[in-house]
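Colleague: Hi! Could you walk me through this one?
Modeller: Happy to, here it is.

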Amino acid sequence: MNVKPPIATFQGLQTTQNSRFYAISARFKPFSNKGKTLIIQYTVKHEQKMDCGGGYIKLFPADVDQKNLNGKSQYYIMFGPDICGFDVKKVHVILHFKNQYHSNKKSIRCKVDGFTHLYTLILRPDLTYEVKIDGQSIESGSIEYDWQLTSLKKMEKASAESKDWDQATEGKSQDWEKHFLDARASKPSDWNSELDGDWQAPMLQKPPYQDGLKPEGIDKDVWLHQKMKNTNYLTEYDLSEFENIGAIGLELWQVRSGTIFDNFLITDDEEYAENFGKATWGETKGPEREMDAIQAKEEVKKAREEDEDEQMMGRFGGRENIFKGFHKRNEL
């Protein structure tokens, strides 16, 4: 089977010091995912029990300043687990859009154990997305709605429609006067404003009448412009496209270190990403759990032996004290 190669792969690394910020990145040949699926995938393992710290990665534009990488460095995408206390145990999916960062409004829970887990983010050109953990889909939906960007799109649409109307009606100021709003119409009971948009009463054609005569039943206050629909605002707000992707990295804080990041992958091929995950994380997850079980048994055995040694030493120490006391009495 011919498998499309990844856009980029990277070596693993581990954090080593508690209570510090980490910032590291790797640059690659810049590319655009316009019209293509974008997949970001990697594995993360918290060797120590993580009580507060990030396990996420960031995708940066090609002009990122790697030497001065910090929390203010602009990024395109932030994705991965974040743990802090009992409240924060979530998977971040943050997109940079119109000079602002926007978080997914859904609560996506991350893994909190000490095993290695495979995290996958898929952004498709049809504005759908999917988040997977260990190859299993845990969240999916519409980028437009799950990032609460419909209000921005409506504002842009209204602006675009107004602009188009101004351009289209130059020299045609009489066209809109042939229609009026049906004031008797009411919004349907099953109308969903979030899904269907703002409801607007239908437009009716203005009945002909002679100059100077007002048509019966029509109030002048309900005459409206017939707005022109703009078909380009969707592409202006294509939230899954980034023009100059050029680096990937970590920029995070960890109270407790020891996290291992590995198997980084950026590609546009969902099948390849799935196979890559099986060939890496999929091959090691079983042995890792087996080794963990063996270590747990050894720790229990060691603790039991230490407890028995302490008990034996306690009994031996008691007899020694009795002997010393008897010896002292004979001395008297």
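**Core, strands and cavities**

Modeller: The largest nonpolar core has 47 residues, and L38, L59, I77, F79, V91 and L123 touch the most other members. By nonpolar core I mean a set of buried Ala, Val, Leu, Ile, Met, Phe, Trp, Tyr and Cys residues joined through side-chain atoms within 4.5 Å. Buried is under 20% relative accessible area, exposed is over 50%, and partly exposed lies in between (1.4 Å probe, protein chains only).

Colleague: Before we go on, what sort of model is this?
Modeller: This is a predicted model: local features need pLDDT of at least 70 and side-chain atom pairs count only at pLDDT 80 or more, while totals for chains, interfaces and linings use all residues. Residues are numbered from 1 along each chain as its sequence is written, and side-chain values use heavy atoms, with hydrogens and water left out.

Colleague: Which residues is F79 in contact with, leaving aside its neighbours within four places in sequence?
Modeller: They are I40, Y42, Y56, I57, V91, H92, V93, Y119, T120, L121 and V131. Contact here means heavy atoms within 4.5 Å.

Colleague: And what does the second core include?
Modeller: That one is separate and has 6 residues, among them I39, L265, A273 and F276.

Colleague: Let's zoom out. How many helices and strands does the chain have?
Modeller: There are 6 helices and 16 strands. Both are DSSP runs numbered from the N terminus: H or I of at least four residues for helices, E of at least two for strands. Of the chain's 332 residues, 37% count as buried. Among contacts between residues at least 6 apart in sequence, 70% join residues at least 24 apart.

Colleague: Which strands does strand 10 pair with?
Modeller: Strand 4 (residues 38–46) pairs with strand 10 in the antiparallel sense over 7 bridges, with Y42 opposite Y119. Strand 11 (residues 128–133) also pairs with strand 10 in the antiparallel sense, over 5 bridges, and there I122 has E130 as its bridge partner. Pairing requires that DSSP finds at least two bridges between the two strands.

Colleague: What do strand 10 and strand 11 form?
Modeller: They form a hairpin with 4 residues between them, and L127 in the turn has a positive phi of about 65 degrees. L127 counts as buried because its relative accessibility is 13%.

Colleague: Where is S19, and what is its phi?
Modeller: S19 lies in the loop between strand 2 (13–14) and strand 3 (20–31). Its phi is positive, about 55 degrees, although S19 is not a glycine. At 44% relative accessibility, S19 counts as partly exposed.

Colleague: Which residues line the largest cavity?
Modeller: V44, K45, H46, P81, K111, V112, D113, F115, H117 and Y119. Strand 4 gives the largest share of that lining, 3 residues.

Methods
On a 1 Å grid over the protein atoms alone, a cavity is a set of points where a 1.4 Å probe fits but cannot get out, and a pocket is an open set with protein on both sides within 12 Å along at least five of seven lines; lining residues have an atom within 4 Å of a point.
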